[in-house]
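Dear colleague,

Please find below the structure that I am handing over to you. My findings follow directly after it.

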Amino acid sequence: MHYEIVVVGGGAGGLELAARLGRRLGRRRGPEAVLLIDRLVFHIWKPTLHEVAAGTLDTHQEGLSYPLLARRNHFSFTLGDVTGLDLNARRLTLAETRDRDGETVIPERAVSFDRLVLAVGCGSNEFGTPGVEHASVLEGAEDAERFHMRLLAAFTRASFAAAEPLRVAIVGGGATGVELAAELIEAKTEFEQGLAADQRFRLEIAVVEAADRILGALPERISARAQQALERKGVRVLTGAKVAAVAKNGLATSVGEVPADLIVWAAGVKAAEANRDFGLEVNRLNQFVVDTRLQTSAPGVYALGDCAACPWEEGRLTPARAQAAHQQADYLARALIAAMRERPTEATFRYRDFGSLVSLGAGRGVGSLMGGLGGPNFFVEGLVAKAMYMSLHLDHHRAILGTARTAVLAVARLLQERVSGRLKLH
Ligand SMILES: Cc1cc2nc3c(=O)[nH]c(=O)nc-3n(C[C@H](O)[C@H](O)[C@H](O)COP(=O)(O)OP(=O)(O)OC[C@H]3O[C@@H](n4cnc5c(N)ncnc54)[C@H](O)[C@@H]3O)c2cc1C
């Protein structure tokens, strides 16, 4: 199989890029113009994974199938895990796909390309911590669903042993850890509805952060507000607490032991070790080093999103955020379309920080919005911040589904929630 442009990874950045390229190139040039490869058959917007983990978002409703998105946006899709890249032959290797019984579904195969975009995202950074295998991670939809099943079992167990609290430790006080803590409280409230009074139980959540404040990448005022909001909900926020080891029943930290029945590792980001085998320059976090045109060390091979180490300002790299992946997809779509029409653009990519928003459960959020060049920054919180936070998700859906379908989907989900409740119990 040969394609003009191959995008590997249909996440926040890769899927938006494939959809834009498909609409502009695929329609006229045919199905060999743009190919998207992903190791899963459906797409979930990663910033919602904490909701999937808590059970307040159902992957079966939220997940969008890639073949359907491909048809609507005029790109081709193939299921596969990319395991090798031959730069000389301009060819990718896709590993054999097996079903749950170990039977081969698709044999190993190769895909060749003229231009390649790597958008394979990142996982969490475990910093070589001993015992980290006892913690759950939220790197993909499958991890989040696995944690959700553990959470439901733990809720049920706790509801029949109501004298004992259920203890959850979340390692990492970044957006993922903070949002997950808030969402778990909502999930517990929903779970208890309809339970007999003697089945109510205590949920003790600890957010463990090595730095001296949570949400360290955001302004101090946001950290302080988020910490207040979590503490008001009964969450214990431990800052300056470096995790030395993880065990089945808790954490050993620099400020003492943190007992836990469930542990989630949500600290830092690191790309896959396998990225080192692609023959491209990578940094110590295994991210592909790119220039301001998002080109890697090989001509015609690009990287975007979390897996790319892209220069920004003051020697810093573009942050690993959906906002950055979205802007990079937008830039690269324009650059690649111009190159295919043999009118290459001189424009380079420059990340623009529009601010950050953090969800603190249903109806609450906190964040800051950048006021533009030299302008003031606005602090937002409460329902306004939450509405803005939710609008980012809708923007992503608009980029891949269009405005009308996004509106229908949003209304359908609202109605479904009204009828069946927020928490997924099965
Ligand atoms: C719980 C959580 C909350 C977050 N909240 C926010 C937030 O509020 N705001 C924000 O800006 N950012 C947030 N982020 C970060 C944001 O999700 C990422 O920055 C963003 O998803 C990166 O997009 P991406 O396209 O680079 O990668 P991803 O969205 O991670 O997509 C990578 C894709 O590549 C596929 N893939 C990986 N390896 C292979 C392979 N070898 N072969 C084929 N396919 C492969 C994966 O299946 C996946 O579909 C959050 C992250 C998490 C985990």
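Asn-73 is buried, since its relative accessible area is 3% (buried means under 20% relative accessible area, exposed over 50%, partly exposed in between, with a 1.4 Å probe and protein chains only). This residue belongs to helix H4, residues 66–73; helices (H or I, at least four residues) and strands (E, at least two) are DSSP runs, numbered from the N terminus. The side chain of Asn-73 forms a polar contact of 2.7 Å with the side chain of Arg-23. A polar contact is a pair of N or O atoms within 3.5 Å; within protein, one must be able to donate a hydrogen and the other to accept it, and residues adjacent in sequence count only if both atoms are side-chain atoms. Setting aside residues up to four places away in sequence, Asn-73 touches Ala-19, Gly-22, Arg-23 and Ile-400, where contact means heavy atoms within 4.5 Å.

Please note that this is a predicted model, in which local features need pLDDT of at least 70 and side-chain atom pairs count only at pLDDT 80 or more, while totals for chains, interfaces and linings use all residues. Residues are numbered from 1 along each chain as its sequence is written, and side-chain values use heavy atoms, with hydrogens and water left out.

An automatic or database domain assignment divides the chain into domain 1 (2–122 + 271–340), domain 2 (126–265) and domain 3 (355–420). The contact between domain 1 and domain 2 takes 16 residues from each of them. Together these two domains bury about 1200 Å², 68% of it on carbon and sulfur atoms; buried area is the accessible area (1.4 Å probe) that two parts lose on being put together, summed over both. Four residue pairs are in polar contact across this interface, both residues at pLDDT 80 or more. On the side of domain 1 that touches domain 2, helix H2 (49–54) and helix H3 (59–62) each supply at least two residues, and H2 gives the most, with six.

Asn-275 lies between strand S20 (269–270) and strand S21 (288–289) and counts as buried because its relative accessibility is 3%. Apart from neighbours within four places in sequence, Asn-275 contacts Val-120, Val-282, Asn-286 and Phe-288. Gly-131 sits in the loop between strand S11 (123–124) and strand S12 (136–137), and its 18% relative accessibility places it among the buried residues. The C-alpha atoms of Gly-131 and Lys-248 are 8.1 Å apart, with 117 residues separating the two along the chain.

Yours sincerely
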